[in-house]
Amino acid sequence: MKSVQLITDGACLGNPGPGGWAYILRFNEHAREMSGSEPHTTNNRMELTAVIHGLRAIKEPCKIEVITDSEYVKNGITTWIHNWKRNGWKTAAKKPVVNQDLWMDLDRETRTHDIRWTWTKGHADHEDNNRCDELATAAAREQK
């Protein structure tokens, strides 16, 4: 099974506002950067969208290290989602899960891979995370 790294980030100019997402996919010496945007969204939606698009770009089952600066994404997919699914996509407070559509997409995209989720501090010393932040912010500004 191939091992790849997926580094992701989302950005929003205002929250809600124009948003952008980006990922870098690394396999051996190869790297692929991709970004996109939405005209009216939230930061959390862009963080989730970045991971979903990155996973969709991987065409075969792989061992993947997903590196994100979003504790919302990391905690959501590794911890909270189990109870949400058990409770019919409701929170502990019996309210509908925010961004349920994207959580369901992410849940589907993770099924064929062996994924390790790694959190990194944003706007710090992770070069690829900083590059994703630049790409996502540019996408939000340019509305690609």
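The model is predicted, so local features need pLDDT of at least 70 and side-chain atom pairs count only at pLDDT 80 or more, while totals for chains, interfaces and linings use all residues. Residues are numbered from 1 along each chain as its sequence is written, and side-chain values use heavy atoms, with hydrogens and water left out.

**Helix α4**

- Helix α4 spans residues 127-142 (helices are DSSP runs of H or I, at least four residues, and strands are runs of E, at least two, numbered from the N terminus).
- Its buried residues include Asp128, Asn129, Cys132 and Leu135 (buried is under 20% relative accessible area, exposed over 50%, partly exposed in between, with a 1.4 Å probe and protein chains only).
- The buried residues of α4 pack against β1 (3-12), β2 (17-27) and β3 (30-41) (contact means heavy atoms within 4.5 Å).

**Aromatic pairs**

- The whole structure holds six aromatic pairs (rings of Phe, Tyr and Trp, the last by its six-membered ring, pair if their centres lie within 6.5 Å; planes under 30 degrees apart are stacked, over 60 edge-to-face, the rest tilted).
- One of them is the stacked pair Trp21 and Tyr23, at 6.2 Å centre to centre with 10° between the planes; Trp21 and Tyr23 are buried.
- Trp80 and Trp84 form a tilted pair, at 6.0 Å and 50°.
- Trp80 and Trp84 are separated by about one helical turn because they lie four residues apart in helix α2 (residues 71-86).
- Trp80 is partly exposed at 34% relative accessible area, whereas Trp84 is buried at 11%.
- Tyr72, Trp80, Trp84, Trp89 and Trp103 form one aromatic cluster.

Terms used:
The expected span of a helix is 1.5 Å times one less than its number of residues.
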